[in-house]
Amino acid sequence: MSQIKPPMADSSALDDEVLIARIARRDSSALEQLYDRYARIVYATALRILSNTELAEDIVQETFWRVWRRSTSFTVGRGQVAGWIFGIAHNLCIDELRRQRSRPVTVQSEQDEQTILEQPDLQGDVVNAAIERERRRIILQALAQIPPEQREVLELAYFGGLSQSEIAQRLNSPIGTVKTRTRLALQKMRDLLHNQKIGAEDLHD
Amino acid sequence: MTLSNCDEIIELIPAFVLGALDAHEAAHVATHVAACSRCRAEAESFRDVVGLLPYAAGSLDPPPHVKRQLLARIAAASENAVAYPVQQPQRSTARIFLTGRWFAAALALMLALIVGLGAATFEARGRADQLAAELATSRQMLRAMEAQVAEIRRAAQTVEAQLTATQRELDETRTQLAASQRELQEVRALAGTDVQLVSFIVAPQTVSQLLGTTKHAPKEASARMFMQPGHNRLVLLIYGLKSAEPGKVYRLWLAKGDQAIAIGTVAVGPDGVAEFVVDAPEPMDAYDQVMITLDEVDTAARPSEEVIFEASL
């Protein structure tokens, strides 16, 4: 992927790694900048997964707290900062979701669930918003190109926090089918991003 | 490096990078990926897709207080005030940091901060913790001992109460015993008197004399006197006499010429019987008259007019 050239001028990746290095030196203003850049994505994702504003706020705070604590463990050049932050947030969300499911009363109402393609696009500051819009366009475009049944398992896995066997139960499908759909969905998405030369690393190089 | 079960693992990698494997499966894949470069590369290849997925959810500014709280938390941690996060939202603190993995995260945070303070602080804290633990143990022991003392005290009180009760019973028994002994002595005295009386009456040298009644004596009243020549003893048996009214007594007199001597008072039982044994100042031969009067209690100087029995000796 590293050999693929970025399709657009984007200095945010370099900036991200600089910010991480400053955070590692305990520069809280750097964390503040990183927060301004990604908190709204984390918040929307957490809201999407948990359907609860208070929990989503907690996720945002805890995610960036961990970024502050773990900044030294982030390997510069190894990967994108955004993906690393989203990974932390996603893990926290899934933990919370599974914790909720282990309790008898479910917090989430299924009627509140929205599909991936229906999410509103909300604005941040101008430059940041432009980057966000571009990335969002890329992912939505890729999602639109995979079969609906593959998109469904992808959504249930990532935003629903369901395991493969839980998805199989939910869709009343054999687990083998679910595994296949998940694999095919992700492989297709990967290939689409590569073919479009708009891989995430390209966005950051 | 490629491991033997790569084909099996590679099938699971898409679900793995999405976080959609069960815990045991995820652990299995993670272990393999850490050791297998091919599978690791496969996992890395999906990183971009997964990194972009959150953008599908849109973007939304979190409320301003989230950032404020985050920065306050960082400032508090930086001030080495470690264990006391400043301006933490009560909601977040209560829910996130006290439950499940959140708690583990909070614990890890605290440990990290403690380490950050340096070895000296850590040691001091360790020592403080140890002392606190020892103090707690000592307190527990003290409480246990206090409880034992209280129990022993209660037991002692019970024993004391029992002892007091026993003492009281003993005292009562002693009193009863003393009363019984007194009664026994009285009985013995009476029995002794009876023995004396009987042996005196049946002795061959004893003479008896019936005393004469006066107009003051009840009709059925009679009195007999026993004595022995040359002896001072006198036994009197009286029947059919009423008990003396309060303030009055039956008194025995012996007279020598015109001189009457009060010998003693005669108690009459409820059955109207009186037994009286007395030793006179002189042998009975010295007296020439005997009488029994109903006197005032305090007039022992001379006999009253109310003579019940009388006889010349």
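**Entry 1**

I began with Arg26(A), which sits in the loop between α1 (12-24) and α2 of chain A. I note at the outset that this is a predicted model. The phi of Arg26(A) is near 65°, a positive value in a residue other than glycine. I looked this up because most residues other than glycine have a negative phi. I then asked how exposed Arg26(A) is. Arg26(A) has 13 C-beta neighbours inside 10 Å, so I list Arg26(A) as partly exposed.

I went on to Ser51(A), in the loop between α2 and α3 of chain A. Ser51(A) is not a glycine, yet its phi is positive, at about 55°. For Ser51(A) I found 18 other C-beta atoms within 10 Å, which puts Ser51(A) in the partly exposed class. A residue needs 20 or more such atoms to count as buried.

**Entry 1: α2(A) against α3(A)**

Two packed helices are described by the angle between their axes and the distance between the axes. Helix α2 (residues 28-50) and helix α3 (residues 53-70), both of chain A, pack at an angle of about 140°, and their axes are 8 Å apart. I therefore record α2(A) as oblique to α3(A). An angle has to be over 145 degrees to count as roughly antiparallel. The crossing of α2(A) past α3(A) is right-handed.

I listed the residues that meet. On the α2(A) side they include Leu31(A), Leu34(A), Tyr35(A), Val42(A) and Leu50(A). On the α3(A) side they include Thr53(A), Ile59(A), Phe64(A), Val67(A) and Trp68(A). Sorted by class, this contact of α2(A) with α3(A) has 16 nonpolar, two polar and no charged residues.

**Entry 2: α7(A) against α8(A)**

Helix α7 (residues 164-171) and helix α8 (residues 175-195) of chain A pack at an angle of about 115°, with the axes 8 Å apart. α7(A) and α8(A) are therefore roughly perpendicular to each other. The crossing of α7(A) and α8(A) is right-handed. α7(A) makes the contact through Gln164(A), Ser165(A), Ile167(A), Ala168(A) and Leu171(A), and α8(A) through Ile175(A), Val178(A), Lys179(A) and Thr182(A). By class, the contact of α7(A) with α8(A) has five nonpolar, three polar and one charged residues.

I also looked up Arg170(A), which lies in helix α7 of chain A. Arg170(A) counts as partly exposed because 14 C-beta neighbours fall inside 10 Å. Leaving out residues up to four places away in sequence, Arg170(A) touches Leu156(A) and Leu162(A). Leu156(A) is 14 residues from Arg170(A) along the chain, and their C-alpha atoms are separated by 9.3 Å.

**Entry 3: chain B in outline**

I turned to chain B, which has eight helices and nine strands. Of the 313 residues in chain B, 23% are buried. I took the contacts in chain B between residues at least 6 apart in sequence; 56% of them join residues at least 24 apart.

**Entry 4: where B touches A**

How many residues of chain B are in contact with chain A? I found 44 residues of chain B, in contact with 64 residues of chain A. Helices α1 (6-17), α4 (47-52), α5 (64-78), α6 (90-96) and α7 (100-116) of chain B each supply at least two residues of the side that touches chain A. α5(B) gives the most to that side, with eight residues. By class, the side of chain B that touches chain A has 24 nonpolar, 10 polar and 10 charged residues.

**Entry 5: the sheets of chain B**

One open sheet of chain B has five strands in the order β2-β9-β8-β5-β6, with antiparallel pairing. β2 (212-213) and β6 (259-266) of chain B are the edge strands; each has a single partner strand, so one side of each lacks a neighbour in the sheet. Strand β5 (residues 248-256) of chain B pairs with β6(B) in the antiparallel sense over seven bridges. Tyr250(B) stands opposite Val266(B) in β6(B).

Another open sheet of chain B has four strands in the order β1-β3-β4-β7, and its pairing is antiparallel. The twist averages 20° from one strand to the next. Strands β3 (residues 222-227) and β4 (residues 233-239) of chain B run antiparallel and are joined by six bridges. Ser222(B) stands opposite Tyr239(B) in β4(B).

Key
Residues numbered from 1 in each chain as written. Chains lettered and ligands numbered in written order. Predicted model: local features only at pLDDT ≥ 70, side-chain atom pairs only at ≥ 80, totals over all residues. Axes fitted to C-alpha atoms, helices over the stretch in contact; angles between N-to-C directions. Parallel < 35°, antiparallel > 145°, perpendicular 65-115°, else oblique. Left-handed = near helix turned anticlockwise from the far one by under 90°. Contact = placed C-beta atoms within 7 Å. Nonpolar A, V, L, I, M, F, W, Y, C, P; charged D, E, K, R; others polar. Pairing = 2+ DSSP bridges. Buried ≥ 20, exposed ≤ 12 C-beta atoms within 10 Å, placed from the backbone.
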